[in-house]
Amino acid sequence: RVDRPARWRGQLGEDGVVIRARSYAALNTVFRADLGWDELEASWRTAMDDPGLAEHVAIIGTIICWTAAMHRDVHRAQRYIAATNAFCAEHDLGTFELVVVGVEALVGMCRGDWDLAAARVDDVLTRPGLSPAHRTAPLVTLALVRARRGQGPVAALLDEALAAAPPGDLFHLGVVDRKSVV
């Protein structure tokens, strides 16, 4: 089997392209069959050893956390959240930590810890000027917590989350999934 990402490294001279290509290939398998988690994690953890790939590692980490949450694999998500938060703190990548806090809120909601979920949502949504990627998971989580608590309509929250993530965006997939559940 040809290792296309390694061939791209030779052609492009960019290790970040290689690590992301490997991770996205493994993510494809995870999305399709809920298999390939070990390969995905191995690729991600290997990249952690290269300081020049820190931002790539943080991006992949946030995606892995989100993916585990979307698969409702709470224990896996919690492990990835802890590892991603530790990595981001160690490398001063705070902007990615906030995305992970949003995913942590969703995982808390899935565990039935609605108070933790609401607190994590508040940690993110009360910060001004965040990107849609930062707001998507917390908005979905807030909608789900409010729906489960019977705290009024939630469609506006889900619509905001849906509008924040364009079709085809990874975070959009979760919004579509959650909107069909509520």
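This is a predicted model: local features need pLDDT of at least 70, side-chain atom pairs count only at pLDDT 80 or more; totals for chains, interfaces and linings use all residues.
The angle I looked up is about 10°, with the axes of helix H3 (residues 37-48) and helix H5 (residues 74-90) lying 12 Å apart.

Next I listed the residues at this contact: from H3 I found Trp-37, Glu-41, Trp-44, Arg-45 and Met-48, which meet Arg-76, Tyr-80, Ala-83, Thr-84 and Phe-87 of H5. Sorted by class, the contact of H3 with H5 comprises six nonpolar, one polar and three charged residues.

I then turned to the aromatic rings, and the structure holds two aromatic pairs. For Trp-37 and Tyr-80 I noted ring centres 6.0 Å apart and planes at 25°, so this pair is stacked. Since Trp-37 lies in helix H3 and Tyr-80 in helix H5, the pair ties together parts that are 43 residues apart in sequence. Both Trp-37 and Tyr-80 are buried.

The other entry is Trp-44 with Tyr-80, an edge-to-face pair with 5.8 Å centre to centre and 90° between the planes; it joins H3 to H5 as well, and so ties together parts 36 residues apart in sequence. Trp-44 is also buried, and I recorded Trp-37, Trp-44 and Tyr-80 as one aromatic cluster.

Last, I checked Leu-40, which is found in helix H3 and counts as buried because its relative accessibility is 0%. Leaving aside neighbours within four places in sequence, I found Leu-40 in contact with Ser-23, Ala-26, Leu-27, Val-30 and Ile-64. The C-alpha atoms of Leu-40 and Ser-23 are separated by 5.5 Å, although these residues are 17 residues apart along the chain.

Definitions and conventions
Residues are numbered from 1 along each chain as its sequence is written. Side-chain values use heavy atoms; hydrogens and water are left out. Axes are lines fitted to C-alpha atoms, for helices over the stretch in contact, and angles run from 0 to 180 degrees between N-to-C directions. Helices (H or I, at least four residues) and strands (E, at least two) are DSSP runs, numbered from the N terminus. Contact means heavy atoms within 4.5 Å. Ala, Val, Leu, Ile, Met, Phe, Trp, Tyr, Cys and Pro count as nonpolar, Asp, Glu, Lys and Arg as charged, and the others, Gly among them, as polar. Buried means under 20% relative accessible area, exposed over 50%, partly exposed in between (1.4 Å probe, protein chains only). Rings of Phe, Tyr and Trp (its six-membered ring) pair if their centres lie within 6.5 Å; planes under 30 degrees apart count as stacked, over 60 as edge-to-face and the rest as tilted.
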